Amino acid sequence: EPLTKKDTDTMFKVFGNQNTWNQKAVYVRLPNGTWTIGATHNVPHLSGSIKDNGGVIESDKLDVNAMNGNVGEKNNPLTAMTNKIDATGTNVYIENLKDTTIGNITAEEELVLDSKGDVTGAEGNEPNVSAGDATINADGNIGSEDNRLDTNVDNFHGTADDIYIDNHSPNIDISGVNADRLDVKTDGNVTGRDNTVHDIIVDAD
């Protein structure tokens with residue numbers, strides 16, 4: 001895979017200024033410094049939506065980028081069994097069948113993430129979630145007192161045992177939340193409605 005735009009342009013030129021599955025020979029430098037010969041095509045990654053085909057993606061890390069499209073569909077999310085998720089799309093719909101660590105998920109419009117365990121944010125990747133409208137459902141907790149899920153969202157919905165978020169948008173509307181505890185820190189204003197929560201803590205600037 002080309003590292004830079006210049007590399008991509010060079011590769012495109014070498015393939016006759018067209019994208020083709022016809023392979024060409026290439027020299028490959030291995031991590032130990034040894035050179036070998038390989039073969040490659042130059043058809044780019046998908047530009048558009050990435051849909052679930054009924055299978056489960058199993059990996060240590062899932063990194064999906066749907067340029068100008070969606071990751072999954074609202075009624076047919078991308079299904080995975082992975083430790084860490086990074087994703088970008090107009091809308092992002094993912095179901096993860098275990099505890100979920102979020103590196104960065106960016107959805108221009110809507111994010112729906114369902115996790116069969118806890119949802120936490122990878123430290124140093126803030127914000128972990130950027131979306132106009134974010135729904136996160138966890139069979140465990142979302143964030144923790146010591147490691148809040150770092151967000152930049154306008155609307156938040158979700159279900160979990162306990163929810164701890166640190167939000168950075170000017171305004172956040174929290175609605176349709178079902179949790180034992182909801183603990184929100186935010187840089188802006190907070191509004192909310194239709195929440196079923198036993199214990200609410202809000203720290204708003």
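Author: By the rule used here, the count comes to seven salt bridges. A salt bridge is a side-chain nitrogen of Lys or Arg within 4 Å of a carboxyl oxygen of Asp or Glu. The model is predicted: local features need pLDDT of at least 70, side-chain atom pairs count only at pLDDT 80 or more, and totals for chains, interfaces and linings use all residues. Residues are numbered from 1 along each chain as its sequence is written, and side-chain values use heavy atoms, with hydrogens and water left out.

Take D86 and K61. Their side chains meet in a salt bridge, 3.5 Å from N to O. This pair links distant parts of the chain: D86 sits in strand β4 (residues 78-96) and K61 in strand β3 (residues 57-65), 25 residues apart. Helices (H or I, at least four residues) and strands (E, at least two) are DSSP runs, numbered from the N terminus. D86 is buried, because its relative accessible area is 11%. K61 is partly exposed, at 41%. Buried means under 20% relative accessible area, exposed over 50%, and partly exposed in between (1.4 Å probe, protein chains only).

K74 and E110 also meet in a salt bridge, at 2.9 Å from N to O. K74 lies in the loop between β3 and β4 and E110 in strand β5 (residues 100-115), so the pair ties together parts 36 residues apart in sequence. K74 counts as exposed, at 53% relative accessibility. E110 is buried, with a relative accessible area of 15%.

Next come D183 and R148. Their closest N and O atoms are 2.9 Å apart. The pair links distant parts of the chain: D183 in strand β10, R148 in the loop between β7 and β8, 35 residues apart. D183 counts as buried, at 6% relative accessibility. R148 also counts as buried, at 16%. Both belong to a network of salt bridges that links R148, R181, D183 and D199.

Strand β10 (residues 171-186) also holds S175. S175 is buried, with a relative accessible area of 8%. Leaving aside neighbours within four places in sequence, S175 is in contact with F156, H157, R193, D194 and N195. Contact means heavy atoms within 4.5 Å.

G188 is found in the loop between β10 and β11 (189-193). G188 is buried, with a relative accessible area of 8%. Not counting residues up to four places away in sequence, G188 touches S169, P170, A204 and D205.

The protein has 15 positive and 35 negative side chains, and the centres of the two sets lie 12 Å apart. Lys and Arg count as positive and Asp and Glu as negative; His and the chain ends are not counted. Each charge is placed at NZ of Lys, CZ of Arg, CG of Asp or CD of Glu. D99, D118, D139, D161 and D180 form a negative surface patch. Patches are made of residues with over 30% relative accessible area and no salt bridge, like charges being joined within 9 Å and nonpolar side chains (Val, Leu, Ile, Met, Phe, Trp, Tyr) within 5 Å. D139 is found in the loop between β7 (129-138) and β8 (149-159). D139 counts as exposed, at 53% relative accessibility.

The protein has one helix and twelve strands. Of its 205 residues, 40% count as buried.

Terms used: Areas by Shrake-Rupley, 256 points an atom, 1.4 Å probe, with all protein chains shown as cover.
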